[in-house]
Amino acid sequence: MLPDCPLHSYASTVSALTGAIYPPSWQEEDKPSHPYLFLFTFSPVQEFIKASRKFVDFWGGSYLLHYLGVKLCWYIAQKYGPDAVITPSLWGQEIIDALMIKEFDTKDYTIFEDSFKQYIGVNPVENDKKNSSSLSTAGFPNVITALLPSKEDAEKLGSDLKLHLKKIWGKIALKVREDIKQQVIDYLDDNLDSFWSEIKQDFDPNIDQSENIYYKELEQLKQEGCWEWNKIWEAQIDHSWETYFTAIPLGNPTQPLTIDNINEVLIPPTSDDEEGLTWKQAQENIANPRQDPAIPTEFEEKLYHKFNVGTWWGAIQARLGQSIQGVKNTRSWQIPTAPGERSTLSGQYSALHPRLSYQGNFKQGGGVRESSMRLFWGLMGAVYQGLFNGSEKLNAIELTKRMAWNIGGVAESLGIDTQEMKKKFVNFKLQERKAIDYESLIRFPNLSAIASARFLYE
């Protein structure tokens with residue numbers, strides 16, 4: 001007895017219930033497992049999105065939340081099956097379809113890609129080329145509900161998802177960090193003197209070039225050993241997300257999932273100071289329904305001769321939400337001390353600089369000179385023209401957010417070729433510099449993007 005829902009959702013939930021009651025490890029001599037509804041979420045959401053200056057920042061923040069949610073659902077689906085993910089539904093999600101093709105199709109085995117072409121005429125990646133919103137529009141939530149075989153499975157999955165989230169996010173950030181270092185080094189190898197001639201008026205122009213500390217700083221950045229920002233970068237990335245999870249049994253775990261006649265079954269007390277409960281009361285103790293009339297209604301009790309815990313499905317979902325809020329209420333917060341100049345976007349964490357050494361504690365490290373910070377971010381504006389304006393100064397989280405799609409490998413992980421797009425980001429020769437085509441960055445077609453198109457173009 002599940003609430004009214006589309007047929008495919010009903011079939012998917014029944015499939016998930018069957019898998020949870022009889023998991024792959026189940027043997028005929030075993031007692032069926034008692035399913036648990038599991039909820040996992042991560043934050044911050046609003047803070048992550050609103051630390052933005054460009055349209056690409058707003059889109060990047062929303063999309064990364066969407067992408068990370070997708071990858072967590074993908075992890076659950078691989079471990080317990082796609083039907084185990086109750087919300088969000090994985091049914092008909094193009095980004096899930098793209099992952100299926102990317103992960104499982106090979107040159108000799110293209111069953112998923114062939115199926116998509118057969119039934120819908122195009123695969124998700126080809127559709128993205130025609131409709132820029134198909135794979136790059138955010139939609140997945142940061143709250144995931146799954147149906148699992150046991151309490152132990154729920155506890156383990158909660159820990160695993162926390163580590164998996166950290167791994168995915170860290171991998172994106174690492175690609176961004178290494179790309180910045182390599183592109184800056186390559187750019188300075190070709191254009192150091194030309195770049196210096198353009199900006200030297202702002203950095204002690206009367207001092208001979210060979211003695212100028214800022215010119216020497218640029219020379220140092222050509223050497224990989226002078227990039228000392230790994231620890232401060234990792235510290236900021238490691239503190240990006242807070243994760244929470246909870247689980248509630250689908251009905252009272254000491255009682256069967258179904259009953260023939262709820263009016264005639266009395267559960268004996270387990271101790272002298274307890275009173276006997278009916279099967280219905282035992283379920284209500286778990287679901288804690290807050291609706292009138294009660295579940296099941298008087299009419300349902302007279303009409304049906306058999307009930308199952310699905311009758312309380314909605315109430316258990318509601319209590320799951322109350323439970324996760326209780327978990328969040330126990331969290332403690334600590335605002336870290338950030339050495340040196342802070343991000344100009346959010347004011348949180350240190351703005352990054354390759355020579356910003358960090359010893360493992362946010363209270364250590366004095367930062368770098370304001371002029372050196374200005375020099376580096378001016379250089380970033382020259383290397384990644386259009387992506388950075390030369391005056392803003394970002395932390396690792398904001399850098400990763402802005403560069404994740406093309407540089408961080410997000411698009412590539414979905415099977416989208418980004419090589420041509422990357423060429424638009426980086427122009428090594430000063431005489432060949434061109435502004436970034438913002439259409440390649442603003443991947444979502446909304447009214448704001450349309451209204452601002454002429455302004456961005458001009």
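The axes of helix α7 (residues 151–199) and helix α14 (residues 396–403) come within 9 Å and cross at roughly 90 degrees; axes are lines fitted to C-alpha atoms, for helices over the stretch in contact, with angles running from 0 to 180 degrees between N-to-C directions. The two helices α7 and α14 are therefore roughly perpendicular (65 to 115 degrees) to each other. On the α7 side the contact (heavy atoms within 4.5 Å) involves W169, I172, A173, V176 and I180, and on the α14 side I397, L399, T400 and M403. Of these residues, eight are nonpolar, one is polar and none is charged; Ala, Val, Leu, Ile, Met, Phe, Trp, Tyr, Cys and Pro count as nonpolar, Asp, Glu, Lys and Arg as charged, and the others, Gly among them, as polar.

This is a predicted model, in which local features need pLDDT of at least 70, side-chain atom pairs count only at pLDDT 80 or more, and totals for chains, interfaces and linings use all residues. Residues are numbered from 1 along each chain as its sequence is written, and side-chain values use heavy atoms, with hydrogens and water left out.

Strand β1 pairs (at least two DSSP bridges) in the antiparallel sense with β3 (residues 143–148) over six bridges, where F40 has I144 as its bridge partner. An antiparallel pairing over eight bridges also joins β1 to β4 (residues 242–249), with Y36 opposite P249.

Key: Helix = DSSP H or I, 4+ residues; strand = E, 2+ residues; numbered from the N terminus. Parallel < 35°, antiparallel > 145°, perpendicular 65-115°, else oblique.
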